[in-house]
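The following text leads through the side-chain contacts of one structure. Please keep the sequence and the model in view while reading.

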Amino acid sequence: MFTGAAVLLGVSAGQAQAAEVAYATKCVPPSGIGLPDVNGTTKVEITAPATAKVGDTVDVVWKFTQAASKNPDIIDLPANSVQPSGTLKAAGAQTADIAMQGPRENPAIPKGGAMTLSDMKGTLKLTAAGQVTLTPDAYVVNALSTDTKCAPTEAVQPAATITVTAGEGSSGTGSGSASPSTSPDPSQSASQSPSASASGTPSTSPSASGTSGGTDFTGKVVDIPYTCQSPIGEKRATSPIQINAKKNSGSYDLTVQFKKSVMDSPIDIPAGKVKPTMQIVLGGADSGSVKVEGPLNSAPIPQNEPIEIPDLTGVYKPGATGESTLSPGVLTIEAMGTTTTCTPDSTAVSLTLDTAEQASGASGGGSSSSSGGSASTGGGLAETGSGDHGALKALGLVAGTAILLGGAVFTFMPRRRAD
């Protein structure tokens, strides 16, 4: 199974060898989460040719027989969502840092399951005769745009040795050059992190208010700056929001639209896994709040395809007579077991209605919610670390890293919604 690891480019090599080493490892979660580091054990098997000649380029394979991580009883990791990269140290007759990288290929990892990482590959050009040892060093586990960085906390023993014989034009000593044998994944870039954010483009003055007349009432588009707290950290962004109403007897059917609420999905999202809700803040004559919510996504959302945010709907039953104002409030996003809460830094009136008090209406600080399913409150992240050590909630997925829906935060490639 390791045939490719033993083939020299352009020349033949000695028989491939494989050896396993285990070493204590500290894994550090992404910055800004406030979670502690975790200590675990990494077990690695390195495969390389037993013999080669100076001038040969050899393939090397790093196989994880045990990563210093596990997936907790919180969230399932989707298939093909995790990618490892790392550094293999060459020493002895020549020294080099061999860049290793594996494909983003993994089976679905259930809650509580061991982290399964793909084999990493790299190449080394041999420049000096003698014994060249190969020793695993630090590695990074990338789940979507979130990096967990793991490094040895003790001296690591070499996992393989290549006996290099002199060849034509060989030199006695030298340092090798190395490169990963797989193409880098764009999501592995350090510039793409869960702290990236997008800001909305102002469309109207935030102080504008809607108009009322007849039975249909159209609100103004107002830009609302949000601070969103997700399991992966804090983000700020602005979203244009419009609140519309239709009178229904003494109550009002509300519709909330987000004018900048489409992003590319970082992973494949199954149907029925994403649900946004928001509290509309009442003011003027009335007080309290009204809950509006959107339906679950009815179809799967493929990776890298746009996510459209549905309209949020609810029913407002006035609790006071007079001019009542409606403003966007707290936004809550639930996706695949995680919860993100977005709180306005400031808000603005989108709609003003001439209301008549209704029995059991909203006035007095209570809330009136729309009909429909209730939102769950559970949330969490994948964590790394051995079972006997602390929890490292390091793999922020979907709602935690990118899918802050409802238009409040679109951390990747925001797109204006078609009217």
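**Contacts that join the chain**

D119 is partly exposed, with a relative accessible area of 26%. The structure is a predicted model, in which local features need pLDDT of at least 70 and side-chain atom pairs count only at pLDDT 80 or more, while totals for chains, interfaces and linings use all residues. Residues are numbered from 1 along each chain as its sequence is written, and side-chain values use heavy atoms, with hydrogens and water left out.

Which residue does D119 pair with? Its partner in a salt bridge is K63, and the closest N and O atoms are 3.9 Å apart. Strands here are DSSP runs (E, at least two residues), as helices are (H or I, at least four), and both are numbered from the N terminus.

A salt bridge is counted when a side-chain nitrogen of Lys or Arg is within 4 Å of a carboxyl oxygen of Asp or Glu. Side chains of opposite charge can pair when their charged atoms come close. How many salt bridges does the whole structure hold? The search finds 5. One of them joins K89 to D97, with the closest N and O atoms 2.9 Å apart. Both residues are partly exposed: K89 has a relative accessible area of 32%, and D97 is at 47%.

K275 and E293 form another salt bridge, at 3.8 Å from N to O. This pair links distant parts of the chain, since K275 is in strand β18 (residues 274-284) and E293 in strand β19 (residues 289-293), 18 residues apart. Are these two residues buried or exposed? K275 counts as buried at 15% relative accessibility, and E293 is buried at 6%. Salt bridges also link K275 and E293 with K291 in a network.

The next contact is covalent. A disulfide is a covalent bond between the sulfur atoms of two cysteines; the criterion applied is a pair of cysteine sulfur atoms within 2.5 Å. The structure holds 1 disulfide. It is formed by C27 and C150, whose sulfur atoms are 2.2 Å apart. C27 belongs to strand β1 (residues 16-28) and C150 to strand β9 (residues 146-152), so that the bond links distant parts of the chain, 123 residues apart. The torsion about the S-S bond of C27 and C150 is about 105°, so the disulfide is right-handed. C27 and C150 are both buried.

Strand β9 also contains D147, which is buried at 19% relative accessible area. The C-alpha atoms of D147 and V28 are 8.8 Å apart in space, although the two residues are 119 apart in sequence.

In soluble globular proteins, nonpolar side chains tend to be buried together. A nonpolar core is taken as a set of buried Ala, Val, Leu, Ile, Met, Phe, Trp, Tyr and Cys residues joined through side-chain atoms within 4.5 Å. Which residues touch the most other members of the largest core? In this core of 39 residues they are I46, W62, L124 and L134. The elements that give it two or more residues are β1, β2 (38-49), β4, β5 (82-92), β6, β7, β8 (130-143) and β10 (160-165). A second, separate core has 28 residues, among them I224, L282, V292 and Y316.

Rings of Phe, Tyr and Trp (its six-membered ring) pair if their centres lie within 6.5 Å; planes under 30 degrees apart count as stacked, over 60 as edge-to-face and the rest as tilted. There are 5 aromatic pairs. F217 and Y252 are edge-to-face, 5.8 Å centre to centre with 70° between the planes. F217 is in strand β13 (residues 216-217) and Y252 in strand β16 (residues 251-258), 35 residues apart. F217 is buried at 6% relative accessible area, and Y252 is buried at 2%. The rings of Y252 and Y316 have their centres 6.0 Å apart and their planes at 25°, so this pair is stacked. Y316 lies in strand β21 (residues 312-316), so its pairing with Y252 in β16 ties together parts 64 residues apart in sequence. Y316 is buried, with a relative accessible area of 0%. Elsewhere, ring pairs link W62, F64 and Y139 into a cluster.

Note on methods: Buried means under 20% relative accessible area, exposed over 50%, partly exposed in between (1.4 Å probe, protein chains only).
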